[in-house]
Amino acid sequence: MNLLVSLRSEMLKTKRTAAFYFTLFGAGVVPFILLLNITFDDDAMDATRNDPLNGIFKLVAEMNALVIFPMFVVLICTLLPQIEFRNNTWKQVLTSPQTKANVFMAKLLNVQLLVVLFLVATHVFTSVVLIASTFIKPDLNLVNQSFNGYVVLVRALNTYVTALAIFGIQFWLGLRLKNFIIPIAIGLACWLAGMLMVLEYKSSFATYFPYSFNVFSISPKHVHLLNQVEWNSFMYAIIFLVLGFLDFRRRRMSGI
């Protein structure tokens, strides 16, 4: 069984769960909150009144990068690998005609597809909010303003790359631990600690703490460290995914 067949099998399993709808729901949280603010708060757009079109995308990207996206990565990277534990189907999966490498890669790519879907859906929902805003607040004159798509794309890539370290760690924990509460608790506690290290304690160690990296993608004070942090995030992801695969490959079926 090749990798594409294994990936299709994983995607079919995901269709039977709430993961797909959970991804769309998570992507829609920030745009929905922004739409409520624009509708009911006359001062909601004051901070971006000079450039409301690009300002709305910036607001959504900052709120997502700081809170929603890291929490989504923690939850989805932990819960999807847990499908086999919950359904008690590891024995069936590992006795099927596919290698452990294919099983690992298929699950990895399946989670990545949902992570990318989250980012794409966020921008689609934000565009819907913009269309609604042209009717709710016509004085913003959004239709006649220039849109900087390059900046939006770079911002989304920065959000994605800085979360790779969390992705690698949480994916390993999700495969390793049968109890899903432990990896989620570890992820959320580390995410909170990471934010405090950057925003409250100004710790120099934050550039090496994986759960702090998402803050660097939105903080103007730390933008000069963004390239270093992104490389650190990429390297952490490679290291923990390799360790996760080696751990997954050596485990016996009875121990899973």
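Predicted model: local features only at pLDDT ≥ 70, side-chain atom pairs only at ≥ 80, totals over all residues.
I began with Thr-23, which is buried at a relative accessible area of 0%. My scale: buried is under 20% relative accessible area, exposed is over 50%, and partly exposed is in between, with a 1.4 Å probe and protein chains only. Residues are numbered from 1 along each chain as its sequence is written, and side-chain values use heavy atoms, with hydrogens and water left out.

Thr-23 sits in helix H2. Helices here are DSSP runs (H or I, at least four residues), numbered from the N terminus. What does Thr-23 contact, leaving aside neighbours within four places in sequence? I found Phe-72, Ile-76, Leu-114, Leu-117 and Phe-118, with contact meaning heavy atoms within 4.5 Å.

Next I looked at how H2 (residues 19-40) packs on H6: the angle is about 25° and the axes are 8 Å apart. The axes are lines fitted to C-alpha atoms over the stretch in contact, and angles run from 0 to 180 degrees between N-to-C directions. H2 and H6 are therefore roughly parallel, a label for angles under 35 degrees. Their crossing is right-handed, so the near helix is turned clockwise from the far one by less than a right angle. Among the residues making the contact are Thr-23, Leu-34 and Ile-38 of H2, and Leu-114, Phe-118 and Val-129 of H6. By class I noted 16 nonpolar, seven polar and no charged residues. Nonpolar here takes in Ala, Val, Leu, Ile, Met, Phe, Trp, Tyr, Cys and Pro; charged is Asp, Glu, Lys and Arg; the others, Gly among them, are polar.

Then the cores. The largest nonpolar core has 46 residues, and Phe-69, Val-73, Ile-76, Trp-90 and Val-111 have the most contacts inside it. Such a core joins buried Ala, Val, Leu, Ile, Met, Phe, Trp, Tyr and Cys residues through side-chain atoms within 4.5 Å. Helix H6 (residues 100-136) gives the largest share of this core, nine residues. Another core, of 12 residues, lies apart from it and includes Val-30, Leu-34, Val-129 and Leu-130.

Is Lys-107 buried or exposed? Lys-107 is buried, at 4%, and beyond its sequence neighbours within four places it contacts Glu-10, Lys-13, Glu-84, Trp-90, Phe-171 and Leu-175. Val-116, also in H6, is partly exposed at 39%.

Note on methods: Helix = DSSP H or I, 4+ residues; strand = E, 2+ residues; numbered from the N terminus. Parallel < 35°, antiparallel > 145°, perpendicular 65-115°, else oblique.
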